[in-house]
Amino acid sequence: TGMSPRKGPPQSPSPWPDLAVRSEPPSSGRSAAGGQLNAKQLSSYISNAGGVDELLALFAAHSASLNPIHAANLWNKLGKQ
């Protein structure tokens, strides 16, 4: 009477393969080694960036962990500068 895990619809490959959502658990803050932010922190940093230089610095530092929401937020914010 064991239940097998429910399978959802097949996942299509991301149109942004380099911007895939990470499956790592969020950390409580910046890690000492890499200075990486969790997804919620990165969203907040992008939303509260003070200008183009800060946005570009965030992109340079965290481009490997951007997901499509981060990319859209960053692009939108750049367009408003």
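Leaving aside neighbours within four places in sequence, Leu58 is in contact with Tyr45, Ile46, Ala49 and Ser63, contact meaning heavy atoms within 4.5 Å. The model is predicted: local features need pLDDT of at least 70, side-chain atom pairs count only at pLDDT 80 or more, and totals for chains, interfaces and linings use all residues. Residues are numbered from 1 along each chain as its sequence is written, and side-chain values use heavy atoms, without hydrogens and water.

**Core**
- The largest nonpolar core has 8 residues: Leu37, Leu42, Ile46, Ala49, Leu55, Leu58, Leu66 and Leu74.
- α1 (39–47) and α2 (52–62) each supply at least two residues of this core.
- Such a core is a set of buried Ala, Val, Leu, Ile, Met, Phe, Trp, Tyr and Cys residues joined through side-chain atoms within 4.5 Å.

**Helix packing**
- The axes of α1 and α3 come within 9 Å and cross at roughly 5°, which makes α1 roughly parallel to α3 (angles under 35 degrees).
- On α1, the contact is made by Ala39, Leu42, Ser43, Ile46 and Ser47; on α3, by His70, Asn73, Leu74 and Lys77.
- Axes are lines fitted to C-alpha atoms, for helices over the stretch in contact, with angles from 0 to 180 degrees between N-to-C directions.

**Asn67**
- Asn67 sits in the loop between α2 and α3 (68–79).
- Asn67 is buried, at a relative accessible area of 11% (buried is under 20%, 1.4 Å probe, protein chains only).
- A polar atom of the Asn67 side chain lies 2.9 Å from the backbone nitrogen of Ile69.

**Confidence**
- Mean pLDDT (predictor's confidence in each residue, 0 to 100) of the protein chain is 73, and 57% of its residues reach 70 or more.
- Over residues 14–34 the pLDDT is below 50; beyond near neighbours in sequence, this stretch has 25 contacts in the model.

Definitions and conventions:
Buried means under 20% relative accessible area, exposed over 50%, partly exposed in between (1.4 Å probe, protein chains only). Helices (H or I, at least four residues) and strands (E, at least two) are DSSP runs, numbered from the N terminus. A polar contact is a pair of N or O atoms within 3.5 Å; within protein, one must be able to donate a hydrogen and the other to accept it, and residues adjacent in sequence count only if both atoms are side-chain atoms. Angles under 35 degrees count as roughly parallel, over 145 as roughly antiparallel, 65 to 115 as roughly perpendicular and the rest as oblique.
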